Amino acid sequence: MSYQETYRKWLESPALSADEKEELRAISGDDKEMEARFFAPLEFGTAGLRGTMCVGLHNMNVHVIRHATQAFAEVILAEGPEAAQKGVAVCFDCRNHSQEFAREAACVMAGNGIPVRLFDALRPTPELSFAIREYGCIAGINVTASHNPKEYNGYKVYWADGAQLPPHHADAIARKMAELDLFTSIQRLDYDAAVSQGLITLMGAETDEAFLSRVMGQVNDRAAVGRVADDFKIVYTPFHGTGYKLIPEALRRLGMKHVLCVPEQMVLDGNFPTVASPNPENPEGFYLAVDLADREGADLIVGSDPDADRMGLMVRNDKGAFVPLSGNQTGVLLLDYLIGAKKRSGTLPENAVALKTIVTTKMARTVAEKNGVRLFDTFTGFKFMAEKKNALEESGEGKVIFSYEESYGYMMGDYVRDKDAVTAALVATEMAAWYHGQGLTLYAAMEKLYEKYGFYGEKTLNLVMPGLDGLKKMAALMRELRDHPLCEIAGVAVLQRKDYSSGILEDVSTGVREEMELKGSNVLKYKLADGTDLVVRPSGTEPKVKVYILSQGESHAQCGEKISKYSAWAETLQR
């Protein structure tokens, strides 16, 4: 079916409201816009769906939500009646239409006879992961686009372990969506009827309290906070999102007496009016927090993204000005601190393990191994870290104390299987207080870690390839790199090539090839003669190819020189 035919099918469908049809009529003369909305469905992957919000097949709207949920419901029903009766937990964030989409998902699950536990208001993503595990649900749905711009929304899907869907379940949903008519296949129960029949029940303060009690169980050294609580000040911003309630509460329970919240950004608003991007990875979004911190003489700034799964830190440098810590730096600080704090308290497991992704700093491995902790790499995404954690712990091979990726995601404890900004904010604040008691900022602490473990530097470049031909360009780039394997990059010899799609590692000088444990992901990694690693991978949620530069050297300057050189090379890939 052509995009014009699909457009007409939507326009003629009785499932669309008058306003939705009017929106479609308004683009009838814009062939490019029509094609952009109807050329293909949104692709359903292990992260679910993500797209801009408007009426169309390739967009986020109630019809696409219902369609995906009907397919998900049928996959759940195929597990058998006992599994289906465990029910589904549903959560949503602060974005425009998130509550509406969450209710629609709940109504379709209910229409298929599957009980739903729906949060009574917006909640952090990690609390959904917790609720799935806490209440023994078979699956979960989270309506969120995380840190994406305001035009976006998403539909994340989880399985019974609280992690995002494993690939075989995601593939099953995608196949069902291809089979089911987008409009006529939907089985939906009215919301009020579903509530009255007990097919939708609401979760509220009781779930918050159960979650927070587990979060507080991650405190390692409450006394360190108590010793500095009178003068140690922290500024927090939720960037208009779901962390606004639980993160300040967790910090107060930790013993923090001075938790200063950015008032303008404590307002829940899916338009994110105070920031260009509600992403703690972008330091410019912290300008209001920095102003408040400077006025109040605060020591640390913590920010969480709209669904409170990512956390970012701003710290005072050696000149007293606030600067961002990267996700790599924050993760290394947390890993080193957790190992030390657990050793001091006698709670470090004998078989302690840490997890990171293949695009995360190599410094983490040095920190772990020099402290007697094993470290494993996984593919990018917490579903893979959750899978590895489950495997290690179920086999008795290791106990995971910390998992993280460079994009500001951290996971601790056993009660979630996803990124968790609530717990991360708690432990990062405890860590900052512990260093404060020694007269050190986190900036100074990071410098000490470089002196102890060696100098490392990282940079991620985003090669944006938008538009209808963006996916073709991304695929062509990856194909070119495979068809013409690189033997040198920016004049430096490539020692090893790793293709994580095939799972093959190749020694460039000898041509010897061997199989790796990790395979099945569209990622290429190059080990260079100067100690740098380069990773190239298409984003799974945005129209861009990411190039990760992971350098090490004898000084910050040497790491910086390598990053500059390889950044220039990476820019040549965007053509």
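His-240 is buried, with a relative accessible area of 1%, and lies in the loop between E7 and H12. Although His-240 is not a glycine, its phi is positive, at about 70 degrees. These values come from a predicted model. The points below turn to the elements on either side of that loop, then to other parts of the chain.

**Residues with positive phi**

- Besides His-240, which has a phi of about 70 degrees, Ala-490 is a residue other than glycine with a positive phi, near 55 degrees.
- Ala-490 belongs to the loop between strand E17 (488-489) and strand E18 (492-499).
- Ala-490 is partly exposed, its relative accessible area being 35%, whereas His-240 is buried.

**The five-stranded sheet**

- Five strands form an open sheet in the order E8-E7-E9-E10-E11, and their pairing is mixed.
- Strand E8 (259-261) and strand E11 (322-324) are the edge strands, each pairing on one side only.
- From one strand to the next, the twist averages 25 degrees.
- Strand E7 (residues 234-237) runs parallel to strand E9 (residues 300-304), and four bridges join them; Ile-234 has Leu-300 in E9 as its bridge partner.

- The buried residues of H10 include Thr-207, Asp-208, Ala-210, Phe-211, Leu-212, Val-215 and Met-216.
- An α-helix has 3.6 residues a turn, so residues three or four places apart point the same way.
- Among the elements that cover the buried residues of H10 are strand E3 (116-119), strand E6 (200-203), helix H7 (125-134), helix H11 (222-228), helix H12 (243-254) and helix H17 (421-436).

- E12, helix H15 (residues 363-370) and E13 make up a β-α-β unit that is right-handed.
- Its strands, E12 (residues 352-357) and E13 (residues 374-378), run parallel and are joined by five bridges; Phe-376 in E13 is the bridge partner of Leu-355.
- Helix H14 (residues 327-345) packs against H15 at an angle of about 5 degrees, the axes being 9 Å apart, which makes the two helices roughly parallel.
- At this contact, Val-332, Leu-335, Asp-336 and Ile-339 of H14 meet Met-363, Ala-364, Val-367 and Ala-368 of H15.

Technical notes
Residues are numbered from 1 along each chain as its sequence is written. This is a predicted model: local features need pLDDT of at least 70, side-chain atom pairs count only at pLDDT 80 or more; totals for chains, interfaces and linings use all residues. Side-chain values use heavy atoms; hydrogens and water are left out. Two strands pair if DSSP finds at least two bridges between them. A crossover is right-handed if, with the strands pointing away from the viewer, the path from the first strand over the helix to the second runs clockwise. Buried means under 20% relative accessible area, exposed over 50%, partly exposed in between (1.4 Å probe, protein chains only). Contact means heavy atoms within 4.5 Å. Axes are lines fitted to C-alpha atoms, for helices over the stretch in contact, and angles run from 0 to 180 degrees between N-to-C directions. Angles under 35 degrees count as roughly parallel, over 145 as roughly antiparallel, 65 to 115 as roughly perpendicular and the rest as oblique.
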